[in-house]
Amino acid sequence: MADVKLTNVKKIYSNNVEVLRDINLDIKQGEFIVFVGPSGCGKSTLLRMISGLEEISAGTLEIDGVVVNDVPPALRGIAMVFQSYALYPHMTVYDNMAFSLQIAKTSKADIDQQVRKAADMLQLTPYLDRLPKALSGGQRQRVAIGRAIVRRPKVFLFDEPLSNLDAALRVATRMEIANLKDSMPDSTMIYVTHDQVEAMTLADRIVLLSGGDIEQVGSPLELYEHPANVFVAKFIGSPAMNIVPCRIEQTGAQTLVSLSASTSIQTPIVTESSEQAKPAFFGIRPEDLVVVSAEQESLFSGEVSFVESLGEATLLYVKIPGADDMVIAKQAGTLSIKRGDNVYLSAPAEKMHLFDENEQSYLRKG
Amino acid sequence: MITSSKRTPLTFLVHATVLFLVIIWTIPTAGLFISSIRDKNQLSTSGWWTALSTSEQRHVARAHEPKAQVQEGDRFVIRGNLFEGSAGEITKFGSSSLRPDEFDVGTVAELKKGETLQVLENGDYAFSSPVPWKGSRGDRIFYTAEVPPRFTLENYREVLNSEGLGKSFINSLTVTIPATIIPILVAAFAAYALAWMRFPGRALLVAAVVGLLVVPLQMSLIPLLKTYNLIGDFFGVGSKTYVGIWLAHTGFGLPLAIYLLRNYIVGLPREIIESARVDGASDFDIFRKIVLPLSFPALASFAIFQFLWVWNDLLIAMVFLGNDADHIVLTGQLRELLGSRGGNWEILTASAFITIIIPLCVFFGLQRYLVRGLLAGSVK
Amino acid sequence: MGQLASALVTMILGVMGCAAYFYGSNFLLDKIFPTKSGAAAVVARNLRVANNIRPWLFLGPAVLLLTFYLFYPVIDSIRLSFYGRSGEEFVGLANYKWLFGSDEFYESFRNNMLWLIVVPTAATFFGLIIATMTDRIWWGNIAKSLIFMPMAISFVGASVIWKFIYDFRTGGEDQIGLLNALVVFFGGEPQTWLTIPIWNNFFLMVILIWIQTGFAMVILSAALRGIPDETIEAAVLDGANGFQIFYKIMVPQIWGTIAVVWTTITILVLKVFDIVLAMTNAQWGTQVLANQMFSWMFNGGGDFGRGAVIALVIMVLVIPIMVWNIRRANAEMEGR
Ligand SMILES: Nc1ncnc2c1ncn2[C@@H]1O[C@H](COP(=O)(O)OP(=O)(O)OP(=O)(O)O)[C@@H](O)[C@H]1O
Ligand SMILES: [Mg+2]
């Protein structure tokens, strides 16, 4: 029903700051897309441009194959849920949800039916006559979602809808949004967050933005397993991926890199011979590193400068030669390793990442 | 708000200071009110704060004319009462302006040519003379009396009975009510446009409104009067009409109305307005259904101020509405009273108090909106 | 009764007429450029047109009224300031020469500066103090109502009231003016307050301060209530005392409102002439610009040229405030 397509979209504010540069994105009908990125990277701006609240400085936005750059928000078939909920404080829950339909001059009976259906779905029926100020944060959030639902939009837009909720409620509401998506498989949903757990759990595809550019688009696992560059690698996953500067010693089907004079690693990553002797970045996720005994084959070894016990896992901060930053290794359960111990770390070859001097990923074989 | 400072010396200080300020601020009005219900003689001789105490007053009265005399034995006597119905207690009396308190009450004063005068506490006096009284005027009696406090609505009756006050009351309302509502309506629309709509020249307009805030309205009167006369002639209705003064008050009140309302409306949460826009509301819908209800406290507050300004205005009414009976407003009427009855404190005080009553009712009726807030923060 | 009815009808017609304009014009706009249904392209075009027209529907009456009642008179005054008594013969800079050569001008200029400094400062200050303090006592609303009361009094009424306070009786008569009664009570000599040079200006200012404090208080009190409690609680936790909270936490947060109040009262001060007229009739060195202008324009046949020059001086005086406000308004508007 509703594809959303952005072609060469730009946003330049009046003060000549280019907030978004050349965004190209193809969103398919029924997809759940999540925009993530650090604060100020332009997620909200992009969402608001799709909604029509913000003008598009250049490029085209198509919804359902129709260019809608100049179409007002109300006619784009979208509904938006704001971070602050933006409920109308002087209207009851019922009137809040009915507002858009009243504006559209829908018949009373239809309005009533739709509002009640949405209220039912979100367990809001008992609160229909209340004013927003008499609701809890979670209930307000649900009203905001209900208000979006009754419009039966083609595209749902969410701007950090959960960021005002406490942790438990956030999990519950997250699941509710997931259910909502399941019950409306035809609706496209675009969701902005800077919480990567939300992104990973909700998204069909994640769009990772940084400084006005799209860094990578892909399914959560794709971004996790095949980050296109160092930025994505470090943004997705917690703790962030270890990135260690290195030098390419040997190119080919198996690239050999050296982290320091004493440490070289054989990676299953293909490089062209032209890359020979270039600086690069070796990446490995903390959860992929395992502590091995001295005799076994290891990638590198170093002194533990810090141990964090989380209960279900232990984080080791290891100083290794050739790297300025400490390498983090995440081990299941509790360990007897202490600060000052020397540890040997190993990792499966298929979990290794290699980025070129411009921080772009080399393709991994297989 | 600051719960920790409850019941400390500071709190006591706060109570004391506020009480002190409230007293200072109320005293002048209280004085006016008390004065307005005092007896007019007392009013001009003693301060209003003495209203409750018995006052010692010096008075002079004339005895009855000689033709009221009666012969009692060999003497001719004129009797009467100095108070003539009102109450009081005389302490001293005299017959010459040089020594008005020569005699104590009750004594029989020996005057020239065998005449005697006796004045009793209750005001009864008796002039007596061995020969018949002559002339057409009674003699003067000076006396000092302790007069008990006396309150009366006489002053109000006098003011209200005077010509045209009731009518000017209605005239005032006819001016004030539309001159309050119209500018609010016009200003609210303009304030919304300046706060939330995008159009070329907006910044310029905001600047212009702020700039026009400071135009002294006296300056406008001459050019406007000229134009009013032209327009009035054109329609054959004369230059002094109610519509004319409504628009004048609207024009003069607009800059401040737009300025204050825009400040408020700009502070409404942006997301609420955007949300309405996404919901398909046009700017007119947003204004009517979202902004107007949410700005109600601000509108009410401004209404109070505009009402007070218009009601208390004299200048614009004088210039644009005139002084004929069909148009004169309360303040104008009172000014005329002041002109014709200038020295009469009792008229001044009572009439001043009458002008205050309606504005006070408006204030007390609507003050909860003032308290609820004129500026942003209503939708926290 | 008949008059009441006709007054009512007039009022209703007036108000309805105004409302009808807004409804009617917007209704027409929606009818001519329908945006609620129809082909997307047409709707989009209609909407663009409607969005370009609608601000002017909203602003139209305001712009017209402002132009006619304020803007045009300003322009006309500038023109008149170069013309003679009747506004017909061109006299060049003669009016300006006259003004800057007259002693009365310097007197009223000096007085006006005093008024401008003292009245807004004092009224805002008292308003702020009272607003802060009444917010935390149980009878605060009663106190506020009483302090607001003078706002409801016309200048005619206020003048009567204060004449009563400043009244002076000669010789041994009882003083019926409160101020002199107090002076006498404490053993002093009664004064004719309104004739003491320079100081009499302050006695007149007291009246305006008395009236305007209520205005300042009401608006500031509203603003104070808008301050999030958290900021104050945080300051309490940080160990700030009552005064520090007031000056460092509360006042900065309502700075914008203080500016509004200050500006409003300043403008009022410049326009007020009634008090001076009624209390001293500008005698004994109490002349102010607004009253001077009023007398030149309306007394003795009027001299439009000279009146206009004084009006322009008043406007020039407030230009700094104007500029400051415009800049503030513009800064606020950024990003909207
Ligand atoms: N009206 C505006 N004028 C100029 N610059 C703006 C404006 N609105 C936003 N920006 C800038 O655009 C950039 C992107 O803002 P945006 O709100 O889209 O960030 P975001 O990714 O949503 O951040 P967050 O996660 O903090 O919400 C920011 O650097 C911001 O400063
Ligand atoms: Mg954002």
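The structure is a predicted model.

Ligand 1 is located between chains A and C. The shell around ligand 1 holds 13 residues, of which A:Ser39, A:Gly40, A:Lys43, A:Ser44 and A:Thr45 come nearest. By class, the shell residues divide into 3 nonpolar, 8 polar and 2 charged. The element that gives the most to this shell is helix H1 of chain A, residues 43-51, with 3 residues.

Several polar atoms of chain A lie beside oxygen atoms of ligand 1. In the side chain of A:Thr45, an N or O atom is 2.5 Å from an oxygen atom of the ligand. For A:Glu160, a polar side-chain atom lies 3.2 Å from an oxygen atom of ligand 1. At A:Cys41 the backbone is involved instead of the side chain: one of its polar backbone atoms is 3.3 Å from an oxygen atom of ligand 1. On its own, ligand 1 has 630 Å² of accessible area, and the protein covers 63% of this area.

Chain A also contains sheets. Strands of a sheet pair through backbone hydrogen bonds, and the pairing is either parallel or antiparallel. One open sheet of chain A has 4 strands in the order E2-E1-E4-E5, with antiparallel pairing. Its edges are strand E2 (18-27) and strand E5 (66-67); each has a single partner strand, so one side of each is left without a neighbour in the sheet. Within this order, strand E1 (residues 4-12) and strand E4 (residues 58-63) of chain A are joined over 5 bridges in the antiparallel sense.

Another open sheet of chain A has 5 strands, ordered E13-E12-E11-E14-E20, and its pairing is antiparallel. Strand E13 (264-267) and strand E20 (353-355) of chain A are the edge strands, each pairing on one side only. On average, and with direction ignored, neighbouring strands of this sheet are turned by 40° against each other. Strand E11 (residues 242-250) and strand E14 (residues 279-284) of chain A form an antiparallel pair over 6 bridges. In this pair, A:Cys246 stands opposite A:Ala280 in E14(A).

Strand E19 of chain A, residues 342-346, takes part in two further pairings. It is joined by 3 bridges to strand E15 (residues 290-292) of chain A, and the two run antiparallel. Strand E16 (residues 300-309) of chain A is joined to E19(A) by 4 bridges, again in the antiparallel sense. A:Leu345 of E19(A) stands opposite A:Val291, and A:Leu345 is also the bridge partner of A:Phe300.

For chain B, UniProt gives the feature "transmembrane region", from an unreviewed entry, at residues 12-34, 175-196, 203-222, 242-261, 290-311 and 347-366. Among these spans, residues 175-196 of chain B are 100% helix and 0% strand in the model, with end C-alpha atoms 32 Å apart. Residues 290-311 of chain B are 95% helix and 0% strand, and the end C-alpha atoms of this span lie 31 Å apart.

Terms used
Residues are numbered from 1 along each chain as its sequence is written. Chains are lettered from A and ligands numbered from 1 in the order in which they are written. This is a predicted model: local features need pLDDT of at least 70, side-chain atom pairs count only at pLDDT 80 or more; totals for chains, interfaces and linings use all residues. Side-chain values use heavy atoms; hydrogens and water are left out. A residue is near a molecule or strand if one of its heavy atoms lies within 4 Å of it. A polar contact is a pair of N or O atoms within 3.5 Å; within protein, one must be able to donate a hydrogen and the other to accept it, and residues adjacent in sequence count only if both atoms are side-chain atoms. Accessible areas come from the Shrake-Rupley method with a 1.4 Å probe; for residues, only the protein chains shown count as cover. Ala, Val, Leu, Ile, Met, Phe, Trp, Tyr, Cys and Pro count as nonpolar, Asp, Glu, Lys and Arg as charged, and the others, Gly among them, as polar. UniProt positions are given in the numbering used here, feature names are shortened, and annotations may be inferred rather than shown by experiment. Two strands pair if DSSP finds at least two bridges between them. Axes are lines fitted to C-alpha atoms, for helices over the stretch in contact, and angles run from 0 to 180 degrees between N-to-C directions.
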